[in-house]
Structure formats: C-alpha cells, structure tokens
Amino acid sequence: MLGLLAGLYICRPLPFFLATGVTLAVAVLACDGWIFAHHDWITGGLALTAQFAFLVFLGGYAASPLPTATALSAALPSASSPAGMAVYALPTGLTHRTAAFAYRGGSPWERRDFVLAAVLVRHPKGDVLIDTGLGKLIMSQLRQAPLLFRLGTDLVRSRPAADQLDAAGYESKHLRYILLTHAHWDHVSGVPDFPGVPVLVTAAEHQFISEGGWATAAARGVNAALFQEYAFDGGAYLGFAQSRDLYGDGSIVIVPAPGHTPGSVVVFVTLPDGARYAFVGDLVWQLEGLHEREPRPWFEAKTIGEDPVAFRQSLLRVSAIATRYPQITIVPAHDPRGYAEIPQW
Ligand SMILES: [Zn+2]
Ligand SMILES: [Zn+2]
C-alpha cells in the first residue's frame, strides 16, 4: 500500500516504499494461503474483509463525475479596468504528481508536474500578489508537515517570488496586498518574504488558520497583525451570490468558493484589453477536475478535510462559467496549462 501510495503521489516510487509494499503484498498472500490451508475461516474472513476494504479504498481513485452544472444565464460583468494593469506569473517551483493524485479517474501512469506559483496583478491603485508560491523559508516550514507527507512530496524549488521581483528592480512600495486563494502552506510560504504587506483573507479562512493543523502552520507563522479580513459586500457575480470588488472598478473581483478549505475564494481579473482570468486556487488541481467535473480522490479529499457539499457547489459554479464563457482563462493554482497565456515576470 505504501508503494502504491508513493506511486500515486509522486509517480517516482521511492525504492524504500516499493520494497516495503512488495514485501507486505507477498507476506499478505502467503498468510492468506496458510490461513486457508489450515481451514481457519474466521481469520481468513477477517483477512479477506481487510483486503476488500483496500479495494474499496482504491475505488476512491476511480472516475466519479458530478452531474452537469445548471446552465449559467448571468451576463459577463462589465469592468472599467484602468490602463497600466497587467498580470504576470512567478513560478517558484514544482512538485511531481500524477493525474490519479489530481482528480478521480486520472491515470496513475500519467505524470503531472504541479507548478507552485505566485501571480502579480499590476494595478494603478496598488499591485496585488495572488498567493505567493514557495518562499525563502519553505524548508523550515515543511518540517512542520508529517513525515509521510514529506516523504511523498518531491519539491523542486526555483526562485522565490520576492527574489524574482527584486532581481527585476521591482519597487516593493507598489505591492499593496497579498491576496490568498486559501491558506495552505504552498500558497502562503512566501508571505514572510514581503514584510509589512497586508494579507487579505476571508473571515472563514482566518478562522480556519487559527484552528490549527499542519497545512496552515506556515500561515500561523505570519505576523498576525498583517491579516486583513474582507467581506463580500458586492452583489451576484457570474452565478456566485456574493462578491468583493477590490478596487471598485470591476477589474479584480473575489467570490467565495468554499470546499477545499472553508474560506477558499476565486479571484476574477479583467485586463483593459478585455482578457479575463479566473484564479481558482485549489478548487481543482488540474484542469480535468473542472472540465470533467471530477473531485479529488477520496483519500486526498479526506486528508485535506474538504467539505464535499460546499466543494461540489463551488466546482459546479465554476464549471458553468467555463462552459458559458470559454473566453475566461481558468487558472488552477497548480496546473501549468492554466498559465500558458500569462506572461512570466
Ligand atoms: Zn490547498
Ligand atoms: Zn495548493
């Protein structure tokens, strides 16, 4: 099972996991044989039940698409995006995964490199960094993760977003906010590299951070005074009941999309030339999750602690947007294909 999990997680099975897995599998089959040879039906029944449960666990990786979303009738919201706005991607590293890890029905043989990135939105009223990717402190932050997670996570670091901005002579006074799609470690890691920059979070995500858990430990390492809660005081937006128009010009609009975490959001960005993006965070890890309406595998969703009901609603809402308005580029935080049309910083 360990070998299998390692295979599903990183598609580069560690020899230790593989050797353990193969040894255990052979031992289990040998024990089964011995039990049945000795007509020990009670132990045999228990052993078969355990192995059946394992097969059910594997079934959590099988395709299980949600029904088609109700068609979206909302008009494309208008925006008066000011000249000078631009969007840049700042990839800070990647992690080796598989399609099976990313969404139900994905192949365990298909390698997927998950990008870990920040996105800089330039705006005359102040630039906004959507998530931060891996920061300078990532190695010490990762020490707070459980050993099994660290063994099954194969990070390849490139340059932290702050270093990339510095190297290009970016003046930090232009950065007004860090806006989190959610507070997991791989989105928050770089926050300490931008000292003094306010971090925008929803009340629900702020509460989630304070509840503990290793996945938000990096967020608890951030100076608590920097977190600024915001409310969804705007009206309906593309099928979402509430929204927050950050600068009041329709160019950066945030909507609540809970499920992956309680306070996850989607950030819509509209540029002056009409280009539109939806930064959906970890709503899906790969675009197939959205287009095939496939949730994360049962084991991943459970270990993350997702709310399946809220997740389903959020996924179907974004799925309806993707169907009705294919001109909006959907950018899942970890899918390199989402960034294809975004210039790199
Ligand atoms: Zn996440
Ligand atoms: Zn993530």
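I began with strand E6 (residues 199-202), which is joined to E7 by four bridges, the two running parallel; strands here are DSSP runs of at least two residues (E) and helices runs of at least four (H or I), numbered from the N terminus, and two strands pair if DSSP finds at least two bridges between them.

I noted that this is a predicted model, in which local features need pLDDT of at least 70 and side-chain atom pairs count only at pLDDT 80 or more, while totals for chains, interfaces and linings use all residues. Residues are numbered from 1 along each chain as written, chains are lettered from A and ligands numbered from 1 in written order, and side-chain values use heavy atoms, without hydrogens and water.

I looked up Val 201 and found that its bridge partner in E7 is Glu 229.

I then traced the open, mixed sheet of seven strands, ordered E4-E1-E2-E3-E5-E6-E7. Strand E4 (155-157) and strand E7 (227-230) are at the edges with a single partner strand each, so one side of each has no neighbour in the sheet.

I turned to the zinc ion (ligand 1), whose protein donors (N, O and S atoms within 2.8 Å of the metal, or 3.2 Å for Na, K and Ca; water is not among the atoms, so sites may look incomplete) are His 182 (NE2), His 184 (ND1), His 260 (NE2) and Asp 282 (OD), 2.1 to 2.3 Å away.

I saw that Asp 282 also bridges to the zinc ion (ligand 2), the two ions lying 3.6 Å apart.

I checked burial last (under 20% relative accessible area is buried, over 50% exposed, partly exposed in between, with a 1.4 Å probe and protein chains only): His 182 is buried at 1%, and Asp 282 is buried at 3%.
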